[in-house]
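Subject: Structure handover

Hello,

Here is the structure I promised to pass on. Please open it first, then read the notes below.

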Amino acid sequence: MSMSVKPICNFKFQVQVRTGECFIVKLDESTCSCLEFQGLGIPCAYAIAASARLGVLTDSLAENRYFNELVKLSYEEKIYPIHSVGGEDAPVITSRTTREVHPPFVRRPPGRPRKIRILSRGEFKASPEHCSEH
């Protein structure tokens, strides 16, 4: 995507897209006026464009929760089943209770399945380029 990146001050940039819409990116605060950077904890497209202008690696802008070391630490402790947390006994299995868990029954919607994927926020449909004969 072609974006115009203009520096405002040290780590603050104005990023303008083709449509003319402008976003303010503050790399030192990890914020963007589109609010995706703060919400997800990873740089949005505008923050990536600003970091490229400054020469900062985009990996350094992501929150710590996205790195393997933190994920490994979160599973280091024992994980107990829910029934043992409060000191309660496990539920008694009766003759009517089965041990197998099956997925819920879902009815297939009527009609032909979609061929075109629904684009998520921030994705744009690529326009086909046409060649003209000269």
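Let me start inside a helix. Ser51 is found in helix α2. Is Ser51 buried or exposed? Ser51 has a relative accessibility of 1%, so it counts as buried. Leaving out residues up to four places away in sequence, Ser51 touches Leu27, Val56, Thr58 and Leu61. Please keep in mind that this is a predicted model.

**The overall layout**

The chain has four helices and four strands. Read from the N terminus, the order is β-β-β-β-α-α-α-α. Of its 134 residues, 15% count as buried. The accessible surface comes to about 12,200 Å². Carbon and sulfur atoms make up 55% of that surface. Residues 24 or more positions apart account for 27% of them.

The largest nonpolar core has 16 residues. Val25, Leu27, Cys32, Cys44, Tyr46 and Ala50 touch the most other members. Three elements each supply at least two residues of this core: β2 (12-16), β3 (22-26) and α2 (45-54). Which of the elements gives the most? That is α2, with four residues.

Val25 is worth a look here. Not counting residues up to four places away in sequence, Val25 touches Phe11, Lys12, Phe13, Val15, Thr31, Cys32, Tyr46, Ala47 and Ala50.

**The aromatic pair**

There is one aromatic pair in the structure. The rings of Phe23 and Tyr46 have their centres 4.0 Å apart, with their planes at 20 degrees, so the pair is stacked. Phe23 sits in strand β3 and Tyr46 in helix α2, so the pair ties together parts that are 23 residues apart in sequence. Both Phe23 and Tyr46 are buried.

**Around Cys34**

Cys34 lies in the loop between β4 (31-32) and α1 (36-40). Its relative accessible area is 9%, so Cys34 is buried. What does Cys34 contact beyond its neighbours within four places in sequence? The partners are Phe23, Cys44, Tyr46 and Arg121. Two of these, Phe23 and Tyr46, form the stacked pair described above. As for Cys22, it comes 12 residues away from Cys34 along the chain. Their C-alpha atoms are separated by 9.4 Å.

Leu35 has a relative accessible area of 58%, so it is exposed. Its phi is near 70 degrees, a positive value in a residue other than glycine. Most residues other than glycine have a negative phi.

Ser30 also has a positive phi, of about 55 degrees, although it is not a glycine. Ser30 is in the loop between β3 and β4. With a relative accessible area of 29%, Ser30 is partly exposed.

**The salt bridge**

The structure holds one salt bridge. It joins the side chains of Glu36 and Arg121, at 3.3 Å from N to O. How far apart in sequence are the parts that this pair ties together? Glu36 lies in helix α1 and Arg121 in the segment after α4 (82-85), so the parts tied together are 85 residues apart in sequence. Glu36 has a relative accessibility of 23%, so it counts as partly exposed. Arg121 is exposed, with a relative accessible area of 68%. Arg121 is also one of the contacts of Cys34.

**On the surface**

Leu40, Ile42, Tyr66 and Phe67 form a nonpolar patch on the surface. Together they have about 340 Å² of accessible area. Phe67, one of the four, is found in the loop between α2 and α3 (68-74). Phe67 is partly exposed, with a relative accessible area of 32%.

That is the handover.

Best wishes

Notes: Residues numbered from 1 in each chain as written. Predicted model: local features only at pLDDT ≥ 70, side-chain atom pairs only at ≥ 80, totals over all residues. Heavy atoms only, no water. Buried < 20%, exposed > 50% of the residue type's maximum accessible area, 1.4 Å probe, protein only. Contact = heavy atoms within 4.5 Å. Core = buried A, V, L, I, M, F, W, Y, C linked by side-chain atoms within 4.5 Å. Patch = residues over 30% accessible without salt bridge, like charges linked within 9 Å, V, L, I, M, F, W, Y side chains within 5 Å. Areas by Shrake-Rupley, 256 points an atom, 1.4 Å probe, with all protein chains shown as cover. Phe/Tyr/Trp six-rings, centres within 6.5 Å; stacked < 30°, edge-to-face > 60°.
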